[in-house]
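Good morning, and thank you for making the time. Please bring up the sequence and the model, and I shall go through some local features in turn.

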Amino acid sequence: MDARQDKRHAGHHGGLRSAVVVNPVKVADLDELRRTVHDALGAAGWPEPLWFETTAEDPGRGQTAEAVEAGVEVVFACGGDGTVMACVSALVGTDVALAVLPQGTGNLLAANLGLSGDLAAGLEIAVERGRRLLDVGAVEDHYFTVMAGMGFDAQMLADTSETTKRRIGWPAYVVGAARHLRDRPMKVSIRIDDQQPIRRRARSVLVANVGRLQGGVRLLNDAEPDDGYLDVAVLTPRTLRHWLALGWAVVRRQDRVPRMEVFRARRVEITSNRAQPRELDGDLIEPGRTLKAEIRRRALWLCVPQPAQDPDLAEDAQAASERGEQLVEEARRE
């Protein structure tokens with residue numbers, strides 16, 4: 001346990017000060033959510049949290065910064081990937097921990113935690129104070145905890161309708177992906193750290209901090225969220241057969257995936273011959289010809305299931321969910 005973690009855990013015998021940053025569009029019953037969070041935290045001895053709602057103009061970064069300024073020790077991000085990413089951007093480099101209360105259809109970080117859609121587990125994990133200090137990726141003035149991408153993956157996100165996502169969940173992305181399997185590749189130059197650029201005809205270039213995709217599929221078996229590196233995956237399928245072979249290898253978690261090269265980098269610069277759609281943690285950003293990403297070491301405190309050292313971040317998630325359900329039920333009886 002380092003000095004920052006000692007500081008975080010010293011003297012905390014009561015509840016922690018917290019804030020909820022919620023995207024009201026993603027929540028079916030905002031009043032019910034508020035009652036559940038208030039009751040569960042109150043039953044655990046925590047003071048009443050501050051509440052902030054996101055807006056179209058500010059999806060959470062400003063609200064989170066305001067919560068940090070108010071002296072909170074935990075911020076609950078309640079929404080989809082965009083809400084989580086906005087909260088992360090305000091928490092990087094602080095001693096305030098992020099807790100995820102998933103509400104959207106994607107929730108890439110929650111999927112890597114094994115907590116998708118589980119409100120009770122998110123509350124319980126925060127209350128139990130399991131913490132892990134993670135790396136994050138930086139792109140311009142934005143941050144990502146899971147993955148940045150350029151090309152096919154961002155195009156898939158752009159062509160997946162919100163209506164379909166609400167109706168069927170993450171399989172909606174398969175529909176969006178099918179529309180672009182035969183698109184022409186992009187010509188890219190990829191510079192890894194200070195090495196000479198490599199050139200490829202790629203469909204997508206992914207820069208990953210953690211290895212799971214939508215639906216819990218693990219694309220990168222060796223990606224770790226605190227190893228000081230980003231994993232750069234270059235996907236080069238050209239035909240439907242190539243896509244099927246790549247997908248089958250990923251589903252089977254094979255060590256070698258056809259039509260995919262993986263590099264490790266502290267800093268990467270990707271340049272395309274034409275403007276491409278781009279995304280951070282499942283949220284679209286402005287299209288562009290370049291994507292520059294670098295690692296920010298040990299930059300974000302994250303509330304995780306115990307034991308916090310588990311490399312997959314999902315250890316004890318089911319048990320935490322069960323304990324969380326018990327906490328909520330006990331709170332409602334009081």
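**Strand pairing around β13**

Gly149 stands opposite Glu279 in β13. Before I go on, please note that this is a predicted model, in which local features need pLDDT of at least 70, side-chain atom pairs count only at pLDDT 80 or more, and totals for chains, interfaces and linings use all residues. Residues are numbered from 1 along each chain as its sequence is written, and side-chain values use heavy atoms, with hydrogens and water left out.

The elements I name are DSSP runs numbered from the N terminus, with helices being H or I of at least four residues and strands being E of at least two. Two strands are said to pair if DSSP finds at least two bridges between them.

With that in place, strand β7 (residues 147-151) pairs with strand β13 (residues 267-280) in the antiparallel sense over 3 bridges. Strand β8 (residues 186-192) also pairs with β13 in the antiparallel sense, over 5 bridges, and there Val188 stands opposite Ser272 in β13. Between β13 and strand β14 (residues 283-303) the pairing is again antiparallel, over 9 bridges. Arg278 stands opposite Ile285 in β14. The hairpin of β13 and β14 has 2 residues between the strands, and in this hairpin Asp281 takes a positive phi near 50°.

I turn next to burial, where buried means under 20% relative accessible area, exposed over 50%, and partly exposed in between, with a 1.4 Å probe and protein chains only.

How many of the residues of strand β5 (residues 131-139) are buried? The count is 9 of the 9, so β5 is largely enclosed by the rest of the structure. Both faces are covered: on one side Arg131, Leu133, Asp135, Gly137 and Val139 are buried, and on the other Arg132, Leu134, Val136 and Ala138.

β5 runs antiparallel to β14, and 7 bridges join them; Arg132 has Leu302 as its bridge partner in β14. β5 also pairs with strand β6 (residues 142-144) in the antiparallel sense over 3 bridges, where the bridge partner of Ala138 is Tyr143. In the hairpin of β5 and β6, which has 2 residues between the strands, Glu140 takes a positive phi near 55°.

Helix α6 (residues 119-128) has 9 of its 10 residues buried, so this helix is largely enclosed by the rest of the structure. Among the buried residues of α6 are Leu119, Gly122, Glu124 and Val127. After α6 comes Arg129, whose phi is positive, near 65°.

**Aromatic contacts**

A pair of aromatic rings is described by the distance of the centres and the angle of the planes. The rule used here is that rings of Phe, Tyr and Trp (its six-membered ring) pair if their centres lie within 6.5 Å; planes under 30 degrees apart count as stacked, over 60 as edge-to-face and the rest as tilted. By this rule the count comes to 2 aromatic pairs.

Trp46 and Phe76 form a tilted pair, 6.4 Å centre to centre with 50° between the planes. Trp46 lies in the loop between α2 (30-43) and β2 (50-53) and Phe76 in strand β3 (residues 74-79), so the pair ties together parts that are 30 residues apart in sequence. Trp46 counts as buried at 5% relative accessibility, and Phe76 counts as buried at 0%.

Phe152 and Trp243 also form a tilted pair, 4.6 Å centre to centre with 40° between the planes. Phe152 lies in helix α7 (residues 152-158) and Trp243 in helix α10 (residues 240-251), so this pair ties together parts that are 91 residues apart in sequence. Both Phe152 and Trp243 are buried.

There is also a charge over a ring, a term that requires NZ of Lys or CZ of Arg within 6 Å of the ring centre and within 35 degrees of the ring normal. The charged end of Arg266 sits over the ring of Tyr229, 4.3 Å from its centre.

That brings me to the end of the presentation, and I welcome your comments.
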